[in-house]
Amino acid sequence: MNCGPDGEGARMTSLGIGLIGTGYMGKCHALAWNAVGPTFGDTPAIRLVHLAEVDADLARTRADAFGFEKATGNWRDLLADPEVEVISVTTPNAFHPEMAIAALEAGKHVWCEKPMAPKFEDALQMRDVARASGRIAALGYNYIQNPMIRQIADLLAQGAIGRVTHIRAEMDEDFMADPEEVFYWKHDANSGYGALDDFAVHPLSLITTLFGPLDRVTTDMARPYPDRLTSEGDRRPVETHDIANVLFRMKDGASGVLMANRSAWGRKGRIALQIYGSAGSITYDQERMNEVEVYRAGGDAAEAGYTRLLAGPAHPIYGQFVPAPGHGLGFNDLKVIECCELLNAIHGRPAHLIDFEKGIEIERSVHKMAEAYEAQSWVSVT
């Protein structure tokens with residue numbers, strides 16, 4: 001897999017990186033920028049130039065830890081830095097539009113975490129500015145990078161399970177399962193709808209990557225806990241929904257279910273995908289992300305059952321990390337692959353990414369799902 005520019009001596013070129021935000025995903029981006037060269041070996045020289053956090057002291061601490069040369073408490077300093085060519089935006093959702101738009105207008109490439117924005121009109125503006133800028137604007141949907149998801153795409157293209165008739169996707173975690181957990185920014189309406197756009201966009205990214213855009217949807221959402229304690233000891237109403245359930249139809253008539261729950265005790269990182277076809281089925285679970293199971297109809301009924309495919313070097317890109325099958329990749333490895341695909345896009349090659357153009361279709365689907373919930377009816381997406 002080639003992540004760098006083509007041509008003799010290309011390895012000597014460099015790319016300056018800026019990072020805004022150093023939480024969970026900020027660290028993930030920093031690890032990816034540090035690892036993409038050693039993993040793929042053909043990237044430009046990555047320079048970690050400038051890091052921004054909410055204050056200068058925290059920025060300096062994180063810059064030293066992550067390997068960035070400069071640190072600032074003002075993210076706009078990255079826009080004016082001529083050495084910064086790509087900016088990773090890993091802040092809370094509400095800040096994505098302003099930061100991504102400003103970075104693109106400053107001539108920087110952008111790698112922005114999902115979702116694009118809590119408001120659809122802001123996401124549209126992000127898409128339009130990206131178009132006008134001529135810069136690469138990619139979104140952080142790293143689950144699509146899993147070699148086993150690519151294997152599922154190959155199986156579908158080969159017709160391994162015939163015509164797809166039903167798609168079932170679930171995403172469950174328990175980081176909001178405790179009713180005594182304090183109020184968090186993801187409970188604030190300014191962050192979006194809740195499980196629907198902060199969470200369900202991940203399985204939705206798999207659905208749209210494998211099958212294309214949804215055609216129509218109907219939705220139900222729920223708040224398992226109506227209020228939560230604040231850090232001051234008061235109780236504040238929860239403004240977002242931690243549970244979302246969606247029925248959908250694809251353009252070809254296939255039916256589907258999308259379920260998301262951020263308060264599901266016992267679930268840690270579950271994205272379960274079940275694909276049923278006229279000649280078999282495929283199942284996948286992100287908690288066992290190095291496995292896919294395939295059922296092929298026909299044959300001896302006494303030996304009928306799912307066949308487990310275990311990730312290994314035979315699945316493209318896996319071998320860049322480890323030469324032996326069965327050892328497994330992890331979440332951060334998918335971010336390294338995504339980083340490599342971003343570099344491919346920057347160098348003008350085809351890239352397996354969800355950019356702002358593709359991302360707007362996911363955003364459109366999410367907002368139509370919310371519209372369907374308010375209307376309590378089916379709503380057309382396309």
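In what order do the nine strands of the open sheet run? The order is β16-β15-β14-β13-β7-β12-β11-β8-β17, and the pairing is mixed. Helices (H or I, at least four residues) and strands (E, at least two) are DSSP runs, numbered from the N terminus, and two strands pair if DSSP finds at least two bridges between them. This is a predicted model, in which local features need pLDDT of at least 70 and side-chain atom pairs count only at pLDDT 80 or more, while totals for chains, interfaces and linings use all residues. Residues are numbered from 1 along each chain as its sequence is written, and side-chain values use heavy atoms, leaving out hydrogens and water.

For β17, strand β8 (residues 214-222) pairs with it in the antiparallel sense over two bridges. There, Val217 stands opposite Val379 in β17.

Now look at helix α8, which lies across β7, β8, β11, β12 and β13, running at about 155° to β7. Axes are lines fitted to C-alpha atoms, for helices over the stretch in contact, and angles run from 0 to 180 degrees between N-to-C directions; contact means heavy atoms within 4.5 Å.

Within α8 you will find Leu206. Leu206 counts as buried because its relative accessibility is 2% (buried means under 20% relative accessible area, exposed over 50%, partly exposed in between, with a 1.4 Å probe and protein chains only). Setting aside residues up to four places away in sequence, Leu206 touches Tyr143, Ile144, Ile149 and Ile271.
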